[in-house]
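The model is shown first.

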Protein chains: 4
Amino acid sequence: MIIVLEQGATREQVDRIVKTLEEKGVQIHYSKGVDKTILGLIGNKQTLANLPVERFEGVEKVVHVSEPFKLAGRSFHPEPTRIQVGDITIGGNEPVVIAGPCSVESREQILETAKAVKKAGAHILRGGAFKPRSSPYSFQGLKEEGLKLLAEAREVTGLPVISEVMDPENLDLVAEYVDILQLGARNMQNFHLLKKVGQTNKPVMLKRGLSATMEEWLMSAEYILSEGNPNVILCERGIRTFETYTRNTLDLSAVPVIKHLSHLPIIVDPSHGTGKWRYVTPMARAGLAAGADGLMVEVHPNPEAAWSDGPQSLTLDNFASMMEDLKSMQALFSASTR
Amino acid sequence: MIIVLEQGATREQVDRIVKTLEEKGVQIHYSKGVDKTILGLIGNKQTLANLPVERFEGVEKVVHVSEPFKLAGRSFHPEPTRIQVGDITIGGNEPVVIAGPCSVESREQILETAKAVKKAGAHILRGGAFKPRSSPYSFQGLKEEGLKLLAEAREVTGLPVISEVMDPENLDLVAEYVDILQLGARNMQNFHLLKKVGQTNKPVMLKRGLSATMEEWLMSAEYILSEGNPNVILCERGIRTFETYTRNTLDLSAVPVIKHLSHLPIIVDPSHGTGKWRYVTPMARAGLAAGADGLMVEVHPNPEAAWSDGPQSLTLDNFASMMEDLKSMQALFSASTR
Amino acid sequence: MIIVLEQGATREQVDRIVKTLEEKGVQIHYSKGVDKTILGLIGNKQTLANLPVERFEGVEKVVHVSEPFKLAGRSFHPEPTRIQVGDITIGGNEPVVIAGPCSVESREQILETAKAVKKAGAHILRGGAFKPRSSPYSFQGLKEEGLKLLAEAREVTGLPVISEVMDPENLDLVAEYVDILQLGARNMQNFHLLKKVGQTNKPVMLKRGLSATMEEWLMSAEYILSEGNPNVILCERGIRTFETYTRNTLDLSAVPVIKHLSHLPIIVDPSHGTGKWRYVTPMARAGLAAGADGLMVEVHPNPEAAWSDGPQSLTLDNFASMMEDLKSMQALFSASTR
Amino acid sequence: MIIVLEQGATREQVDRIVKTLEEKGVQIHYSKGVDKTILGLIGNKQTLANLPVERFEGVEKVVHVSEPFKLAGRSFHPEPTRIQVGDITIGGNEPVVIAGPCSVESREQILETAKAVKKAGAHILRGGAFKPRSSPYSFQGLKEEGLKLLAEAREVTGLPVISEVMDPENLDLVAEYVDILQLGARNMQNFHLLKKVGQTNKPVMLKRGLSATMEEWLMSAEYILSEGNPNVILCERGIRTFETYTRNTLDLSAVPVIKHLSHLPIIVDPSHGTGKWRYVTPMARAGLAAGADGLMVEVHPNPEAAWSDGPQSLTLDNFASMMEDLKSMQALFSASTR
């Protein structure tokens, strides 16, 4: 940690900072430059993180030189984390495709979709049962009924299932039915929920918040990891920018950056990332080309009648075509990038 | 609601859209322009909101012409909402000042601050007991002990108190001690929590999310209102932009816009809005000048030693000076703008 | 164009709007909904674009249903535009790779780079001679001397060259030496310069502005096209967001969106898009996978000593490896996506 | 300047960095921490700014501790700059109000507006003659004819005039007619134009770019100052964010921040800042309360018929009311903040 002093900082101000910090066991390197003087602070990362040094008189700014995460970082865990869900490995040699409707709507809908995506080559079935909706008047999901239908679809197809948990109260209920817990973008900094899922042993897919930096995202993963659950999958689903033509701006650079900073697997969601079905396939291709460990794609037998996210859902046929397109890529990439 | 058709939309596609919508009880106005053809949809707001019309073939885009909120809107409730907390009216003729430390740290700290801010003219005492922190290794608040100290400070000074509730599990506990429940920016779309506080009868201060549009913010208020709790106070605390010199970008235009769209009172938080104590007073002045119903300001007896948010905290003296400065403004504004 | 009326709009206000518009030759469809009344305006696109209708009393908002661009749009020109530069076709079946240093620094540097990128498979040589720099104290380019060196490198290698033109005053000079004129992100809305390059017959590569929507970008292309120069190449180089880990956020969704809206070719610049050489190759792969017509990549024989943009420059070896990696992709993609 | 080394940086890598830098006359402080090792670089600011140190092997990141601007900074010029335009002082004790139409449209329009804003208390008349428009098909201004009409309005009312210069080619022409040259947001990093206006002796009002950080804005001012023209006025006019309800997000925190970092006067433009006339007065109040040196406001005798920016223009009556409202504030503020 580095303190940059104000140009007019007095001797007394500097002495006071130094004395206070030394009393906390921090060692200080003093370095006088042409314009600015800086103090290099040497000490335990946690001690440093909690020092309110910016508020001292004479301080212009404080610069953190260490990443704030530990368990989520590559230096702590150099090998990539692989997460096993039944026969499927997330973070392994093969990209994994998660597909299914935004919301579970009916027995017919989820079974038809499950069979079709399985046939087209998907590895995991998605389906929302508890739905976070910006309007209290919108469809909020079938709740436990939806989870039961998902479980039935798993039985029929053999596909593991993933569904979102929105609050600690329903965590046990959701965990009972699903193979992977999903934490939505709006809950990326719901710290209470992060801790609770960290206390389970279920794999957790943590979506990036709409305006979360990659560092904050990894810190949210750190919450889960620090509670004892090592099975965290990250999911890039687009960030909020000034561009309105797409629903979000899919930040594919997150893929190589996360691979560099962290050992956790990362999945790309081109459905939320673009908000328009037309752009899902090209962005799915791009996600894999950037090195993602997999994709999460919304698929609906009849998007025109979907209760949520219709505009960004692929039809069963669209999905089958996308999978055809991707299969050749997977062959190619498994050789060159993994 | 308006559907803009693709330029090449076929007769069959249009007929199909019209037929499907008419079956749902929607009336349609067809309007052929030079470049584009549009369909005007007339029907119940809720029916329209849940139609997945964007996904129909032949549709280029869909434009919503009604605001999605109802109870939070001016047309539903033309008079401004006034919220009574003991003797204090929020949304009345006088701006209200909420002040206190980011976190309750000790009996001495909170009592000293409470007395000082009361003396300087503050109306309500703030203090965090459950703290949302981006790092699991940072101080997470004194929890119930902090709430007890807040309550003691209320007893000593007579100031009502506000503190954040982070999760439904602790809602009853927090509600037992405080006069106003605070919902933080990271929880603005924690829909489960919104519903739960909507089922209490406590006033709720709802902070704007870091990347929430004003419409989404009002929709989150709508969640609380629609559960039966009419006492919602909005708080603008800065949004996330590309600018990094300030911690957030305080969007003061939210004040007149919210006043135009909604009847709910709005408070400005220049501490989080700027992240630097130096800019708190000018932005507090600007907030009142824009027409805010009050301010929320972080104050600490010794910011250099604060356990959180030191850089943006005013000292007790800074706060007294700010209040002096604002008093003359309040006299002025109470005449002209209310 | 659609006018949404305020809920309380009076008969007089509506009559006044209708009368004024009809006098301008606009035809009006009146459509009364449950909450809102809308007016559909039918008329010439240009007449509509210049009506200040938002300011009429009784108007809540105005919605544009037509895209503002014409010559840049797919409906005007359904076939993709192919731009010929010597033997190279941009927008054709094969992705095109533009490579070279940020700035031309010396004869040795540009010749060494030109030979190396040619050998590795690049199609066009880039090199800045006039450099837009945020500081007046930074290196501003070798100017005409740089252009001469570029031309010499073309002679030696046979590669066509591209370089930035920053102002109309130097346009003739730059145009004399280069095969493609580059317009930088900061000049995307330098309308005077857009018109001037539109009056030449040189191909123009127009970079997307840091905070430009895709619609604004196409409108800037429209400026060039409307002056008579049909040879516009778009270049996505990252937009500015809250994320600071990468220099910009490379918006690869621009690739399929532009392909949908426009006939113009689009190139991806992963060097500026990420700002870090380490992420250039994965994002180059992703760009091609998204369907881009080519790449623009910064390459320097010794990035540690580069006068500008060193951190994002590939070494000659890095570039050769990237090209190896991409070649297999190109084979694949030329079959499936073009 | 500080170099943070990678955790695995080798002895050879560090030696190489140190040797290269020492050869350039940079002195180095080596400081080994618990997690990270840093190098503090001491030397001439300009030498440091141009070192491509981020690209050296073994370097994780580089942190700049000095501001990049010099002439624009407070430490170079501690006293506030006051700019004299006829009898008017910008940056003095009294806020200055600049008012007038977006575009000069006709003799009647500009004269009527000039007389009305003068009567209401405005100090300077604005009016666009060369208009930057995102569409080539929109009205582009009356050009020299508009400048002549502005000059006539000055003669009639005695108000100094300001108008935008869009390109170096017309600089002499515009400078001949106006008292203050305006540089628009889209030209904030048109470095060629910045240099050219820096070579005149006219006061220049430099608008903040749509996505410019405050540091970049001051660097653009530095371009003008470093060419010898000390008369730079900054103008905050809103930045681009995800919020779409307002045209831009007016960043009023720029006012106290610029006052802290720089000696240059700063003006607030609530018309572009909000895009809606309804919010202009409250944001004008807020701008002055934040400490701005003045306001720039769009006023039109008949906004419903304005050729540009009608929705954000005040009528003559609106403007007179705003001035009444502000006068009481000015009395108050001139005492307390200046």
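A crossing of two helices is called left-handed if the near helix is turned anticlockwise from the far one by less than a right angle, and right-handed if clockwise. The model is a predicted one, in which local features need pLDDT of at least 70 and side-chain atom pairs count only at pLDDT 80 or more, while totals for chains, interfaces and linings use all residues. Residues are numbered from 1 along each chain as its sequence is written, chains are lettered from A and ligands numbered from 1 in the order in which they are written, and side-chain values use heavy atoms, with hydrogens and water left out.

**Helix packing in chain D**

Helices (H or I, at least four residues) and strands (E, at least two) are DSSP runs, numbered from the N terminus. Axes are lines fitted to C-alpha atoms, for helices over the stretch in contact, and angles run from 0 to 180 degrees between N-to-C directions. The crossing of H3(D) and H4(D) is right-handed. Helix H3 of chain D spans residues 107-120 and helix H4 of chain D spans residues 144-157; their axes come within 9 Å and cross at roughly 35°. On the H3(D) side the contact (heavy atoms within 4.5 Å) involves Arg107(D), Ile110(D), Leu111(D), Ala114(D), Lys115(D) and Lys118(D). H4(D) contributes Leu149(D), Leu150(D), Glu152(D), Ala153(D), Val156(D) and Thr157(D).

**Relations between chains**

Copies are superposed by least squares on the C-alpha atoms of residues with pLDDT of at least 70 in both.

| Pair | RMSD | Turn | Shift along the axis |
|---|---|---|---|
| Chain A on chain B | 0.0 Å | 180° | 0.0 Å |
| Chain A on chain D | 0.0 Å | 180° | 0.0 Å |

For chain A on chain B, a turn of 180° with a shift of 0.0 Å is the relation of a two-fold axis. The C-alpha of chain A nearest that axis belongs to Ser211(A), 3.0 Å away. Chains A and B meet through the same surface, because 100% of the interface residues of chain A are also interface residues in chain B. The figure is also 100% for chain A with chain D, so these copies too meet through the same surface.

**Annotated domain**

An unreviewed UniProt entry places "domain: DAHP synthetase I/KDSA" at residues 87-328 of chain A; such annotations may be inferred rather than shown by experiment. Over residues 87-328, chain A is 38% helix and 15% strand, with the end C-alpha atoms 22 Å apart.

**Salt bridges**

Over all chains there are 72 salt bridges, each a side-chain nitrogen of Lys or Arg within 4 Å of a carboxyl oxygen of Asp or Glu. One joins Lys36(A) and Glu67(D) at 3.5 Å, N to O. This pair crosses between chains: Lys36(A) lies in the loop between strands S2 (27-32) and S3 (37-42) of chain A, and Glu67(D) in the loop between strands S4 (59-63) and S5 (83-85) of chain D.
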